[in-house]
Structures are given as C-alpha cells and as structure tokens.
Protein chains: 2
Amino acid sequence: MKLSTKGRYGLRAVVELAARQDEGPVSLSSIAAEQNVSEAYLEQLMRSLKNAGIVGTARGKTGGYLLKKKPEELSVGEVLRALEGSTAIADCVGTAEASVCENACTCSARPLFLTLQNRIDAVLDATTIRDLTEDYMEQKRRIEHAKSLS
Amino acid sequence: MKLSTKGRYGLRAVVELAARQDEGPVSLSSIAAEQNVSEAYLEQLMRSLKNAGIVGTARGKTGGYLLKKKPEELSVGEVLRALEGSTAIADCVGTAEASVCENACTCSARPLFLTLQNRIDAVLDATTIRDLTEDYMEQKRRIEHAKSLS
DNA sequence: TAAAACCCTACCGATTTACTCGTATTTAGT
DNA sequence: ACTAAATACGAGTAAATCGGTAGGGTTTTA
C-alpha cells in the first residue's frame, strides 16, 4: 500500500511551486536542490505533471515550471493520479475497466476494497495543494525562527 | 498504493475460514481450490497468519486451519498487517520508528500522509471479518439462486 | 550564439513480488 | 507398524517494478 517516490517527490515539487508562485517560472535545478533529488529524475516527474495539465512550462534561458491551476483548486488526488497513474488499491476498483479480475463477482473482499477506495479518494480529493502549502510555509517559518535564536 | 496478492489472497482465505467455521479444520487444498490460488503460495500466507495468532492449525491427516478469533472481533486491519507487514502509506508514518526520513521535519507532505494514514486505518480497523463474511455468503446465495433458475 | 532551459528514450542495478520445490514432521485410520 | 494425508519450514527463482542514470536531442532567449 506504499506510495512510490514518484508520488512523494512529485507532490512536494508541486507544493514548492505553489509556495513560489509569484517568482515566475521556477527552474528545475532549484526545485531539485531544495528537495535534494536528482534533477534528471525530477524532470521525468515534471513531465507527467505537465502532460496532465497540472503544471505549465516556460522555455528558454530564464524558463522553468509554474503551476497552471490555483493551489486551492488543485487536489492532492489529481496530482497523485498524474504521478502514479492511479490511486487504486486493487485493479478491480480502479477506473480502468480493462483489468477487472475474473473472480470479481464472487470476491469476498471486493466490497471492502470499494468502500476503502472511496474513503481514500475522498481524503485525497478533499485535500488541496493550498492546504499542504500553508502547513509547509508555516513549518519553514518556525525553523527559521529557531535558527535565529541559536 | 496497491495491495499485493499477499493481502488479497490472505484476506479472502480468512473470510473463507470464517464462513466454514463449524466444519472443523479446513484443509489448505480446499481453500486453494475454492480461491483458485496456488496451494504452495497460500501456505506461506497461512504461516504469516498463524505467526500473528490469527489462525490456528491442526496437524496430521484430518488437519487444517481454523480461525482463532471470532470474526466479529477480528479487524481487516489486523489481518492485512499480518500479511503485508504494515499498512503504512509511507515509511515516515509507519509504526517502526527506525525508518523515518531525514527530511521529515520539513516535508510538506507529511501532515497529509499522517491524516491519510489515520483515515485508512480507521476504515481497516472498523471493518471486521464478519462484515466481509456476511457479504460473501449473501453473494454466494444469490449466485446459487441464479443458477437454479437457468 | 552560446548557455540554459525543456524533451525524449533507452538502459540498468537493486529490490520486491509472486511464486515453486524439496524435505521434514505430525497424525488418523488400517 | 504402516501409510496416506495433512501441515512446517527454508531455500531458491523468474519476472516485474522501483528508483534512478545517461546521453542524446530541440527550443528559446539574454
């Protein structure tokens, strides 16, 4: 049931973009440095986000990435689905009709999976990037404050 | 975020044991046949369940497995944790203190992961094996009924 | 026009998944 | 006592996935 690094890194990158929204395009290298992640790997994740229409890009010398949606209108679920492909806990409760297992109609666990999936999606779709960003910036401020005291 | 076959197969096996509780020890082969799963593989899963104290075993010729707990007192969460090791969505919100990532205190996603994990566990711990078993037997009856009509 | 960005595809080592196999042990019935 | 049927246990393994790297582009703009 674990989230992969794609989900974790990508989500944090989106939050960082949200936190730096008024800077104009944010370069890959600066995000990678802040998050302590390989630039080449993060670039792949940003591409997924771009293809999903979540981030936009500005090319050229002073280019970079920027959020295409308002943080308060972008749900965590949307971001994770773009990064991981799906948030489904089992194939038989995913959106893709293709991969329904043949035992579906007698599977004792399927009702469980369905309700579980619904609850998970409810949380993911109710939480927005703005929510995360606020927590993040709050935390950053606290750390800066603690440093200035020492 | 997907559940592995361990979780899925094992959970279904437990439900089957619950449904056949008054039969005495249920042999591995009969469970495997019903679930259409490899016997050797399922045996490993049963071992995990046994080590967790969820099922008991009777050895010898008429031996087999049986539920050690009442279905209404056995939560899905307990079963899944025995099978998968953990239901944690990320290492930093797992029970093991060991594997906390070093960025934990600045990670923008950690508050999300914590609430998400709580909600998931709430569902898993609130749902009992008895709940699943009832659905399962209901479904079985419907299928038998449909067959008898054709 | 060169530097700095984005774009794309292939590959790769390590780990995990999803099993299999062989052997040992236990026990009910004959 | 013997045997057939069942669990017990540990090792091994092929395939898939994860978590990246590498290195080639193309496009834009200071």
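Trainee: Which elements do the buried residues of H3(B) pack against?
Mentor: In this predicted model, where local features need pLDDT of at least 70, side-chain atom pairs count only at pLDDT 80 or more, and totals for chains, interfaces and linings use all residues, they pack against H1, H2, strand E1 (55-58), E2 and H4 of chain B. Residues are numbered from 1 along each chain as its sequence is written, while chains are lettered from A and ligands numbered from 1 in the order in which they are written. Helices (H or I, at least four residues) and strands (E, at least two) are DSSP runs, numbered from the N terminus. Two residues are in contact if their C-beta atoms, placed from the backbone, lie within 7 Å.

Trainee: Which residues of H3(B) are called buried, and what puts them on the same side?
Mentor: The buried ones are B:Leu42, B:Leu45, B:Met46 and B:Leu49. They cover an arc of only 105° around the axis, and that's why we say they sit on the same side of H3(B). The arc is taken over the directions from the helix axis to the C-beta atoms. On the other side, B:Ala40, B:Arg47 and B:Asn51 are exposed. As for the labels, buried takes 20 or more other C-beta atoms within 10 Å of the residue's own, exposed takes 12 or fewer, and partly exposed is in between, with C-beta atoms placed from the backbone.

Trainee: How do you know that the length of H3(B) agrees with a helix?
Mentor: The expected span is 1.5 Å times one less than the number of residues. For the 13 residues of H3(B) that gives 18 Å, and the end C-alpha atoms are 18 Å apart, so the two agree. After the helix comes B:Gly53, with a positive phi near 80°.

Trainee: And what makes the span of helix H6 (residues 129-149) of chain B agree?
Mentor: Its 21 residues should span 30 Å, and the end C-alpha atoms are 31 Å apart, so that agrees too. Its buried residues are B:Ile129, B:Leu132, B:Thr133 and B:Tyr136. Those cover an arc of only 95°, which means they're on the same side of H6(B). On the other side, the exposed residues include B:Glu138, B:Arg141 and B:His145.

Trainee: What makes a set of residues a nonpolar core, and how many residues has the largest?
Mentor: A core is a set of buried Ala, Val, Leu, Ile, Met, Phe, Trp, Tyr and Cys residues joined through C-beta atoms within 7 Å. The largest has 75 residues, and those with the most contacts inside it are A:Val14, A:Val79, A:Ile89, B:Val14, B:Val79 and B:Ile89. B:Ile89, not counting residues up to four places away in sequence, touches partners including A:Met1, A:Leu3, B:Phe113 and B:Ile120.

Trainee: How many residues does the contact between the chains take?
Mentor: It takes 31 residues from chain A and 31 residues from chain B. H5(A) gives the largest share of the chain A side, seven residues. By class, that side has 18 nonpolar, seven polar and six charged residues. Nonpolar here covers Ala, Val, Leu, Ile, Met, Phe, Trp, Tyr, Cys and Pro, charged covers Asp, Glu, Lys and Arg, and the others, Gly among them, are polar.

Trainee: Which residues are closest to DNA strand D, and what does "near" take?
Mentor: Near takes a C-beta atom, placed from the backbone, within 6 Å of the strand. Here 23 residues surround DNA strand D, and A:Ser4, A:Ser38, A:Gly60, B:Leu28 and B:Thr57 are the closest. H3(B) gives the most to this surface, with three residues. By class there are four nonpolar, eleven polar and eight charged residues.

Trainee: Which residues come nearest to DNA strand C?
Mentor: Of the 23 around it, A:Leu28, B:Ser4, B:Ser38, B:Gly60 and B:Lys61 come nearest. The surface near DNA strand C has four nonpolar, eleven polar and eight charged residues.
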